[in-house]
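Trainee: I have a new structure open and would like to learn how to read it. Could we go through some features together?

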Amino acid sequence: MSEHHNHEHKDGFIPKYLLEKLAERGNEDARRTLVQTEKIEKKIEKIKKNRTESNFFLANVSGESKRFIYNSENTPNFKRKLERKEGDLPAQDEVVNIAYDFCGKTLDYFNNKLDRNSIDGQGMDVICNVHFNDDPSEKGLNNAFWVGDQLALGDGDGRTFINLARSIDVVAHEFAHGVTQYVNELIYERQSGALNEHFSDVIGTAVQQYVKGQNAQTADWLIGDEIVGPAWPGKALRSMKAPGTASEIDDQPDHMRDYKNLPLSKDNGGVHIYSGIPNKAFFHVAMDIGTDAAAFLWYTAWHDREIIHPRATFLEAFKAILKAVETLVEKGKLPAKTIDSVKSAFEEVGITSLVHV
Ligand SMILES: [Zn+2]
């Protein structure tokens, strides 16, 4: 686990900076969600501080990657009521069953396509809390969280956000934050944080395409399109294919020329803002060699801890991917054209200074 507790990922799936923008436009759901999200983040921080006293982080050690789906019953409590565990027949609650299936599909993807056994690579159990909420008197929570060793999914209020537990890219995205925690501990701020976000989008989209039987050419490359409701001003949270076009408040740039050093108070220095730059590079490579092959390449590069250190930059990520692609091409695991594909994809988004090395 990370030694960098202060930098650990504790943000929700819905970025706070987007909720702030929406609140400024008079959306009351966004204002309420911000207050709730901050309360939950404080609670999460407290749990992490007391982690040695609680059994919060010690329960999932079967080594058999079993699924445990809990019902939070609209409270902010983890592991409140176990509704369905590995091998059980379907539960009464439809959301429990969807979460069970999506956690299973994400585990399958890691097993079959990336040869990884669960979140920690050693068969860690997957714990998922559904109907997670700040307070039973409130409407469904507009957020989803990865908390140290488990997922927590709100139901959405039905207006600005819907179906957070019913979207495979939310479940796979949050799951991937857990994987990053074990693979390279990318610190959740500035460029390393944007790479952390980027990797979760890569896995989120790859698992979604796998589940829906799509490929790079037929996928929409949107993140969060299934969870935005009628009051959301657009079609999704982000677009990997065309950053900045997913909604009226989507300000993701798609090129390094628009990269600025933001204060940490703004989206942890832009972790959800600048993730669009490497996202677009991934999209281009996936279009050339297929999404699964591109995800395998990224996943392989992510293990190169000499280059991808906890504060790695976009340029270092490019360097690690280029090194990985050369090795994988040599071993015959990727087509030779991948080398040029990676170089031109990163050049297109302005991450270029290694191209001629
Ligand atoms: Zn995230």
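**Salt bridges, a helix and a metal site**

Mentor: Gladly! Keep in mind that this is a predicted model. Let's start with a pair of charged side chains: D304 and K323 form a salt bridge, with their closest N and O atoms 3.0 Å apart. This pair links distant parts of the chain, since D304 sits in the loop between helix 8 (291-302) and helix 9 (314-330), while K323 is in helix 9, 19 residues apart.

Trainee: Is D304 buried or exposed?

Mentor: Buried means under 20% relative accessible area. D304, at 16% relative accessibility, therefore counts as buried. K323 has a relative accessible area of 42%, so K323 is partly exposed.

Trainee: Which residues are linked in a network of salt bridges?

Mentor: D29, R32, E138, D157 and R159. R32 belongs to helix 2 (residues 28-49) and D157 to the loop between strand 5 (150-153) and helix 4, 125 residues apart.

Trainee: What coordinates the zinc ion?

Mentor: H173 (NE2), H177 (NE2) and E197 (OE) do, at 2.1 Å. Here is the general idea: an α-helix has 3.6 residues a turn, so residues three or four places apart point the same way. In this structure, H173 and H177 both lie in helix 4 (residues 168-183), four residues apart. Both histidines, H173 and H177, are buried.

Trainee: Why is helix 5 described as largely enclosed by the rest of the structure?

Mentor: Because 19 of its 23 residues are buried.

How values were computed
Residues numbered from 1 in each chain as written. Predicted model: local features only at pLDDT ≥ 70, side-chain atom pairs only at ≥ 80, totals over all residues. Heavy atoms only, no water. Buried < 20%, exposed > 50% of the residue type's maximum accessible area, 1.4 Å probe, protein only. Helix = DSSP H or I, 4+ residues; strand = E, 2+ residues; numbered from the N terminus. Donors = N, O, S within 2.8 Å, 3.2 Å for Na, K, Ca; no water. Salt bridge = Lys/Arg side-chain N within 4 Å of Asp/Glu carboxyl O.
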